Every structure is written in C-alpha cells, then in structure tokens.
Amino acid sequence: MSTSSATPAKPAAKSAAAPLRRSARSLQKGAQTRAAILDAALGLASHMGLEGLSIGALADVTKMSKSGVFAHFGSREELQIAVVREYHAKFEEEVFYTAIRQPRGLPRLRALFERWVHRTSVEVDSGCIYISGAVEFDDRPGPVRDALVGMVRDWHAAIRKAILLAQEVGHLVPEADPDQVLFEMHGLILSLHHDARFLRSPGALARARTGLERILDSFATPAGRKADAQARLTPPSSAQAGATAGRKRA
C-alpha cells in the first residue's frame, strides 16, 4: 500500500472523534445539571415534604424553565422517586458506611444507632423524609410509596443484620429476638424525632440514648459489654483507618 493512499485516514479519524467528545461533554453537563436540580429538590422536600415538590416550585428555586426541569425528570412522580433515592444514598453514606467501620458485634450496633440518632438530631430543623414520607404516603399506594417502603426496609435489614452478627460473635444473648430489638431501636428514633421536632423537648436526645442502654442491658453478654466499652475508648481515627476493610466485611 502506498503512502499517499494511507495518509487521508488520519483527518477522517479526527473528524469522527470530535462528535464523540462533544457528546461526552454534553452528557457530563446534563448529569451535573440533573444533580444540581436533585440537590435543590432534596432541600425542598426536607422542609415541605415530598408532596410539596412540583416542577414549578423547583424551576423557581433553580432559576430554570419548567421545561428544562421537566426534561430531566419527566414527571412529578419521577422527581419524587429520585429524591427518595438521593436521600437514601446520603443517609447510607453518612450513617451506614460510617458505622460499619466499627467491628462486628455490639460496637457496630451501637455505632449504627448513634449515627442514626445524630442524623435525626441534625434533621430536627428540616425533617426526615423517611418519617414525613411515611405520614404522606402511608395510605396511598403507588411507585412513590413503594420506593419509600423499599428504602426503609433496606435500612431495617441492615440493622437486623447487625443484631444477628452481634449474636453470632457472642455479644448479644441467643434468646434476643432480632425483630424486637430492631422494633425498639426504631421506636426510640421515632420518639426522638417527635419530641425534638414537634414538642421541642430539650431532653429528647438523652432519653433516646438512655433507651438504647436499657435495650443493651437486657440482651448484652459480658463479652459484648467488654467489647462495647473497649470500642468506646478507641480514638475515632483508629476506627476510620479501617473504613475500606469495613465495607468489604459488611
């Protein structure tokens, strides 16, 4: 093959690559815009509830046109579901992945509850989408309710697994009913949210923690209490060092 016949292939390759680069930039910009809209929607939903979300309200907040917002979500229902998923992802990152840096057993179970309590206390001024969503959609079947139920059940499954692991390593007595322990822990969170957000009770946070101690006093083994005490004395930096390993073990 002669040199002259092979040379024109290079400009053709360059011209073919240009639309691909433009397409990649367009997709990246679209993803960034959607993320910004979703972040604004999450803020609105935290204060106004999922039912307070609308394409129009979101367009006002983001300074976009209604058609621009609509292009990213298509419908109010799709927007609500996206917000539920985004909230769950943030909750998972802040609560679950932080807590599982602790060893399996009572230290991890306590960390899950403590991170849950912290998240709830931070949301006193805004509101928990899991809790407000349950009030809004408890008797309204449909995709939004299904998404909420699925996310809450995923979280409950994570807590239940931590309880079972605590039993497996000998930190909780075998006769402890995992579902009952989970029920009581969740009940403490609901009471904390109600008393701190609605009643503005200054002692709600301390009472929630006292409630956990009573649960653990009922079911913890001597080995569990020892491991729990040691974990509480461990500097946070030491626990954070095992973050990657903690995710893999979970």
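**Exercise 1: A residue in its surroundings**

Thr120 is found in helix 6. The model is predicted, so local features need pLDDT of at least 70 and side-chain atom pairs count only at pLDDT 80 or more, while totals for chains, interfaces and linings use all residues. Residues are numbered from 1 along each chain as its sequence is written, and side-chain values use heavy atoms, with hydrogens and water left out.

Task. Determine whether Thr120 is buried or exposed, and state which residues Thr120 is in contact with, leaving aside its neighbours within four places in sequence.

Solution. Step 1: recall the cut-offs, by which buried means under 20% relative accessible area, exposed over 50%, and partly exposed in between (1.4 Å probe, protein chains only). Step 2: Thr120 has a relative accessible area of 5%, and is therefore buried. Step 3: apply the definition of contact, namely heavy atoms within 4.5 Å. Beyond its sequence neighbours within four places, Thr120 touches Ile189, Leu192 and His193. Step 4: Ile189, Leu192 and His193 are among the buried residues of helix 9.

**Exercise 2: The sides of helix 9**

Solution. Step 1: helices are DSSP runs of H or I with at least four residues, strands are runs of E with at least two, and both are numbered from the N terminus. Step 3: the buried residues of helix 9 are Pro178, Val181, Leu182, Met185, Leu188, Ile189, Leu192, His193 and Ala196. Step 5: the partners of the buried residues are helix 6 (106-122), helix 7 (129-137), helix 8 (143-168) and helix 10 (204-219).

**Exercise 3: Two packed helices**

Task. Classify the packing of helix 6 against helix 11 (residues 222-233), given an angle of about 55°.

Solution. Step 1: axes are lines fitted to C-alpha atoms, for helices over the stretch in contact, and angles run from 0 to 180 degrees between N-to-C directions. Step 2: the axes of helix 6 and helix 11 are 8 Å apart, at an angle of about 55°. Helix 6 is therefore oblique to helix 11, since angles under 35 degrees count as roughly parallel, over 145 as roughly antiparallel, 65 to 115 as roughly perpendicular and the rest as oblique. Step 3: helix 6 contributes Leu106, Pro107 and Arg110 to the contact, and helix 11 contributes Gly224, Arg225, Ala227, Asp228, Ala231 and Arg232.

**Exercise 4: Positive phi**

Task. In which loops do Lys63 and Arg200 lie?

Solution. Step 1: most residues other than glycine have a negative phi. Step 2: Lys63, although not a glycine, has a positive phi of about 60°. Lys63 is placed in the loop between helix 3 (55-62) and helix 4 (66-73), and is exposed, with a relative accessible area of 74%. Step 3: Arg200, also not a glycine, has a positive phi of about 55° and lies in the loop between helix 9 and helix 10.
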